[in-house]
Amino acid sequence: MADRQETADFLGAHPPFQGAPPAVLAEMAAAAVEREYGSGAWVVDRPQMDASADADTVWVVRTGRVVITHPDDTSRTDVPIDTIGPGGVFGFSALLSGGTVEFCARATEPTVVLQLPGALVRPLFATPTGLAFLADAVNSSSAYRGGPVEGSAGRTVGELVSTPAVFTPVGTTVRDAVRHMTEQGSSYVLIPLRGSRLGIFTDRDLRIRVVAAGIGVDTPIEQVMTSPAETVTADRLAGTVLMDMLERGLRHMPVVSTRGEVLGVVEDSDLHAASTRRSFVVRRAVASASTPAELADAGRLVPRLVVDLFKGGTDAMAVSAILSVVVDSLVRRAVEIEWTARPDVPRDHFAWITLGSVARREAMPSSDVDSALTWADATADPDVRGKSNAVSWTRDEALMDLATRVHVSLDAAGLPSDSNGAVASSPRFARSAGQWERAAAHWLSNPFGERGNPAEDSGLIMSSLMIDGRVVWGPRELHTVPEAYRRLLLDHPDALRLQLRDALAGRARLRSLRDVLARRGGTFDLKAHALTPIVNLARWGGLSVGIASSSTPARLAAASGNGMLSERDVATLTEVFALLQRLRLSHQIDQITAGHRPGDVLIMADLSPLERSLLTDGIREIAAVQRRVGYLAANVGVHR
């Protein structure tokens, strides 16, 4: 049970409570009733059966997730009206109209909900914040009544999870597993395995792997399941997950939290409403490309896709995530094309790692392509015996040559290589899995490199790049660097403190000594002076709770309450990050439309008064969080 001040602070960080006087927030916190619900439990059952469904009550989700359903929809498989996450409010319609409660609410994961008396909440809806909240709610409900819209690509898969996952243990027979699926109205069943791995068995597996193969129904489920099952974190956007599923031929995808807990399973049919027609046109063009020239033609479709998505109303964060998936598909196809041209290059036990903003699924039209290579230590040198004009070379030379040719193809497709040399054709970014593991251990011990050795890698810089890395081709387990950093808090607290110091070194600011005043006003680098401080702070925050590779919002959410970042800080940084990404994408869309190369430096005078005000307030908020965290680090320490 949270204390009253924590409850007041939590309410004050979310609309319509933002801006309420401290005395009002304190009064609401004192009157709040906090209730806990297990996964699948009813928060509000059918109103006529639920005495707690008071029309003069407002519910606020503190932690977890709640789905809102129509009272006539009694099955757990019915499509929900809405999904409410932390800070979300429901029940206000009946409160304001004076009518009855005409909805049901159910927790889809362990959830804590605050119940607030309507008499205290009602006056807030007359304030500017409350009115803005109602306007947004009306727009959202109108979009729902009208059916799926293009902007639905911005919904996360976590929001689409409406029912708990269906499990069965190892050793269950196919017959009993299918009976359980039928009883639960499910088209799949998950099988927990050792560690955090999962197996999955679907109705399609029943047809192909059991019936068509003539296997008896008394066979243990583990003999016909798919293992390990692909999973996706709840923060991933629906449109990008659907494209991933189609590319891999999957129809079911378990959704997990940042800590690995299974929240539910989404099916491809759940995600089709979040797809975009043009994104699939581009994807088909990429998939059908068989030469670098054809891949370059497909790449030239990408800027138009980004423009159409954004101008069509898709949220900036969703556009960024979809762009990242499209870049992934271009990279994969470039690797496949170059392999076909040089079949002697090793193909097994090799992985291509994407770094930077694309790896975090936060790409922009201006983003370049950072990459790295890793391979199994036992990978052999190319076998060129009996081949005419063959050149004998080592596996390292062969794979780095492949990377060089891949980046040439990507450059032609409009995806330039990283200008700072973070590319897989460089020996610094091409190593065996064992070499990467040893390098990570060295960086932890020597974060600044060895003095007097200019060729020595900076551990802080290299680790930041590789921690963000995501495997887009090959076995994920070959990417060994993130695992070395998951236990920083326990095993390497000094390294964690250095990560924080590095994150705080780049202060958010509107102007610096290097900014030049133009005739129409000052310039501002959105990436360097605003977004990078949030990304770096989020990376440290994720590492502080054992989260390595993830998106910036997911890292922030995981770090909430880590002793340094409060829930209010996380809410602020997440909101400002979304604002900055929207400003950044809008600016780059204007540049693309005008025929210019997209970039991150904008002229302040070109912004509207509202945009300048939002940007200024956002920078101040980032700087304030940096100051608070820096103060705590200096006076309390990283551990609290």
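Strand 10 (residues 198-202) is largely enclosed by the rest of the structure, because five of its five residues are buried. This is a predicted model. Both faces of strand 10 are covered. Leu198, Ile200 and Thr202 lie on one side, Gly199 and Phe201 on the other, and all are buried.

The partner of strand 10 is strand 9 (residues 188-192). The two pair in the antiparallel sense over five bridges. Tyr188 has Thr202 in strand 10 as its bridge partner. Strand 9 and strand 10 form a hairpin, with five residues between them. In the turn, Gly195 has a positive phi of about 70 degrees.

Strand 3 and strand 6 run antiparallel and are joined by two bridges. Here Trp59 stands opposite Phe90 in strand 6. What ring geometry do Trp59 and Phe90 adopt? Their ring centres are 5.6 Å apart and their planes are at 5 degrees, so the pair is stacked. Trp59 lies in strand 3 (residues 57-63) and Phe90 in strand 6 (residues 89-90), so the pair ties together parts that are 31 residues apart in sequence. Trp59 and Phe90 are both buried.

## Other aromatic contacts

The structure has four aromatic pairs. Trp59 and Phe90 form a stacked pair. Trp436 and Trp443 form an edge-to-face pair. For Trp436 and Trp443, the distance is 6.3 Å centre to centre, with 65 degrees between the planes. Both of these residues, Trp436 and Trp443, are buried. Trp339, Phe350 and Trp473 form one aromatic cluster.

Arginines also sit over rings. Arg431 lies over the face of Trp436, at 4.7 Å from the ring centre. The charged end of Arg106 sits over the ring of Trp42, 5.3 Å from the ring's centre.

## Helix 14

Helix 14 (residues 316-341) has 26 residues. At 1.5 Å a residue, helix 14 should span 38 Å. Its end C-alpha atoms are 38 Å apart, which agrees. Of the 26 residues, 23 are buried, so helix 14 is largely enclosed by the rest of the structure.

## Salt bridges

Side chains of opposite charge can pair when their charged atoms come close. How many salt bridges does a search of the whole structure find? The search finds 23.

Asp308 forms a salt bridge with Arg304. The closest N and O atoms of Asp308 and Arg304 are 3.1 Å apart. Both residues, Asp308 and Arg304, lie in helix 13 (residues 302-311). They are four residues apart, about one turn of the helix. Asp308 counts as partly exposed, at 26% relative accessibility. Arg304 is partly exposed too, with a relative accessible area of 43%.

Arg555 forms a salt bridge with Asp468, and the closest N and O atoms are 2.7 Å apart. Arg555 lies in helix 23 (residues 552-559) and Asp468 in helix 18 (residues 459-468), so the pair ties together parts that are 87 residues apart in sequence. Are Arg555 and Asp468 buried or exposed? Arg555 is buried, with a relative accessible area of 0%. Asp468 is buried, with a relative accessible area of 3%. Both residues belong to a network of salt bridges that links Arg360, Glu362, Asp468, Arg539 and Arg555.

Asp569 forms a salt bridge with Arg628, with the closest N and O atoms 2.7 Å apart. This pair links distant parts of the chain. Asp569 is in helix 24 (residues 567-593) and Arg628 in helix 25 (residues 609-635), 59 residues apart. At 4% relative accessibility, Asp569 counts as buried. Arg628 is partly exposed, with a relative accessible area of 39%.

Conventions: Residues numbered from 1 in each chain as written. Predicted model: local features only at pLDDT ≥ 70, side-chain atom pairs only at ≥ 80, totals over all residues. Heavy atoms only, no water. Salt bridge = Lys/Arg side-chain N within 4 Å of Asp/Glu carboxyl O. Buried < 20%, exposed > 50% of the residue type's maximum accessible area, 1.4 Å probe, protein only. Expected span 1.5 Å × (residues − 1). Phe/Tyr/Trp six-rings, centres within 6.5 Å; stacked < 30°, edge-to-face > 60°. Lys NZ or Arg CZ within 6 Å of the ring centre and 35° of its normal. Pairing = 2+ DSSP bridges.
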